[in-house]
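Please walk me through this model in the viewer, stop by stop. Tell me what to select at each stop and what is there.

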Amino acid sequence: MNRSSLIKAEALRLGFDACGIAQAGFVGQHAAFLDDRLKKGYGAGMKYMSNHVEKRCDPRLLVENAKSVIVVALNYYPEKKQPGHLPQIAYYAYGNDYHVVIRNKLHQLSEYVNREITSASGRCFTDSAPVLERYWAMRAGIGFIGKNTNLIIPRKGSYFFLGELIVDIPLEYDSPVKKNYCGKCLKCLDACPTKALEKPFCLDAGKCISYLTIEHKGQPDEKYHLLPENRFFGCDICQQVCPWNRFSQPHTHPELISGNELVSKSTEEWLRMNEEEFSNLAKNSPLFRTGLKNLQRNLQKK
C-alpha cells in the first residue's frame, strides 16, 4: 500500500466514514466565487468570513510548507429523531460538540502518520479556521457541492461533518469530483421557506433559518423569522428534501448518539429554563455557544 492508502485505511479505522487527499494550493476560480459572495453581503453578520481571505484561498499560507490536504468526513445522520411537536434541533447538534469529536480523531490520525509513515508537521481543522472545507472535500474526491451549497457524497448523502489535516509532506492525490450530480433537481430551492437559496449554489445567510437561529445576535428581520415546523436551532429542510439523502444511513458513532436531554425539551421547558440549568445541560453541546437567551428568542412567536 502507498502512503495515501495507509492514511485512508487508518482514517476509516478511527471511525471516519470517508477520506480523500488533495494537493495543497490556490483554490483557483473558487476564490472569485468567495469574493463575489462576500461583496454581496451573503455572509450576513458572520464578519469573520472576510478575515484572512488570502489564507482561506490558499492553505499554504495557513500551514507552513503545506503540501497535502487530507480531508475526512464523519456521518451524523441520527437513527432516532425528535417528535415533530418539540422545538426542532438540527440533526448535527443531537450529540456532543462535533469540533471536539473530530479534532480528537484527527490528532490520532496525525500521530499515526508520524509514527508509522514519516515525520510530518501540520495542523488539524474542523470548521474552526479559514479553510474552504467543502471545496477541499470536492478536490479530494469525496463529493460534490450541491445546489443547496452542501457537500454531497454520492450514494451516501450530505449529513457529514468535514475535517482536515494539512501536512507538509507530498502524498498520492485523489481525482477531484468535477461533475455536479444534482441534474435538473430544484427541490432544495423550492422547499426553502425563506428563499435563502436565491439560485442554485447561492445561499444568502441573512435569510437562512440556520443562521437566524444560531449565529444571529438580536432580533431577526420579521419577514424571515418564519421558523416553520418548530425550527429552533438550525434547519435541515434543504437536506431533508434532497434526493441524495435517501441513501443516508444512521451513524454508529457513540460520541454523536443523543443522550442529551436538550433534544427532549418542550417549548414550555425551554422558556422556563434558567442559565444554571442550561449550562449544566448544554456544556458539551453545540447549542451552548448560541446561549440560552438567543435560544429562547427563537421560540418567541411573531
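This is a predicted model: local features need pLDDT of at least 70, side-chain atom pairs count only at pLDDT 80 or more; totals for chains, interfaces and linings use all residues.

**Stop 1: helix H4**

Select H4, residues 98–117. The helix has 20 residues. From its first C-alpha to its last it reaches 27 Å, close to the 28 Å expected at 1.5 Å a residue.

Now colour the buried residues of H4: Tyr98, His99, Val101, Ile102, Lys105, Leu106, Leu109, Ser110, Tyr112, Val113 and Ile117. Look down the helix axis. These buried residues fall within an arc of 165°, so they line one face of H4. Turn to the other side of H4 and find Glu111 and Arg115, which are exposed.

What do the buried residues of H4 pack against? Show helix H1 (3–13), strand E2 (68–75), strand E4 (122–125) and E7 to see the partners.

**Stop 2: the nonpolar cores**

Stay with H4 and widen the view. The largest nonpolar core has 45 residues. Which element gives the largest share of this core? H4 does, with eight residues. Other elements that give two or more residues include H1, strand E1 (18–23), E2, E7 and strand E10 (231–233). Helix H10 (275–282) and helix H12 (292–297) are also among them.

Select Ile70, Trp270 and Leu287, the residues with the most contacts inside this core. Centre on Trp270. Leaving aside neighbours within four places in sequence, tryptophan 270 is in contact with Pro87, Phe232, Leu262, Lys265, Phe278, Leu287, Leu292, Leu295, Gln296 and Leu299.

Then move to a second, separate core of 43 residues. To find this second core, select Met46, Phe144, Leu151 and Cys182, which are among its members.

**Stop 3: aromatic rings**

Show the aromatic side chains. A search of the whole structure finds 18 aromatic pairs. Select tyrosine 92 and phenylalanine 161. Why is this pair edge-to-face? The ring centres are 6.4 Å apart and the planes stand at 90°; planes over 60 degrees apart count as edge-to-face, so the pair qualifies.

Tyrosine 92 sits in the loop between strand E3 (88–89) and helix H4, while phenylalanine 161 is in strand E7 (residues 160–167). The pair links distant parts of the chain, 69 residues apart. Phenylalanine 161 is buried, at 6% relative accessibility.

Next, select tryptophan 244 and phenylalanine 247. This aromatic pair is tilted, with 5.9 Å centre to centre and 40° between the planes. Tryptophan 244 and phenylalanine 247 are buried.

**Stop 4: salt bridges**

The structure holds eight salt bridges. Visit three of them.

- Select glutamate 10 and arginine 13. Their closest N and O atoms are 2.8 Å apart. The two residues are three apart in helix H1, separated by about one helical turn. Glutamate 10 is buried at 8% relative accessibility, whereas arginine 13 is exposed at 58%.
- Select lysine 207 and glutamate 198. The closest N and O atoms of this salt bridge are 2.6 Å apart. Lysine 207 is buried, with a relative accessible area of 16%, and glutamate 198 is partly exposed at 36%.
- Select glutamate 261 and lysine 265. Here the closest N and O atoms are 3.9 Å apart. Glutamate 261 is partly exposed at 46%, while lysine 265 is buried at 16%.

**Stop 5: two serines**

Select serine 4 in helix H1. Buried or exposed? Serine 4 counts as buried, at 3% relative accessibility. Not counting residues up to four places away in sequence, serine 4 touches Ile21, Leu171 and Glu172.

Finish at serine 50, in the loop between helix H2 (29–39) and helix H3 (53–56). Serine 50 is partly exposed, at 47% relative accessibility. Draw a distance from serine 50 to leucine 34: the two are 16 residues apart in sequence and 9.5 Å apart in space, C-alpha to C-alpha.

Terms used: Residues are numbered from 1 along each chain as its sequence is written. Side-chain values use heavy atoms; hydrogens and water are left out. Rings of Phe, Tyr and Trp (its six-membered ring) pair if their centres lie within 6.5 Å; planes under 30 degrees apart count as stacked, over 60 as edge-to-face and the rest as tilted. Helices (H or I, at least four residues) and strands (E, at least two) are DSSP runs, numbered from the N terminus. Buried means under 20% relative accessible area, exposed over 50%, partly exposed in between (1.4 Å probe, protein chains only). The expected span of a helix is 1.5 Å times one less than its number of residues. The arc is that of the directions from the helix axis to the C-beta atoms. Contact means heavy atoms within 4.5 Å. A nonpolar core is a set of buried Ala, Val, Leu, Ile, Met, Phe, Trp, Tyr and Cys residues joined through side-chain atoms within 4.5 Å. A salt bridge is a side-chain nitrogen of Lys or Arg within 4 Å of a carboxyl oxygen of Asp or Glu.
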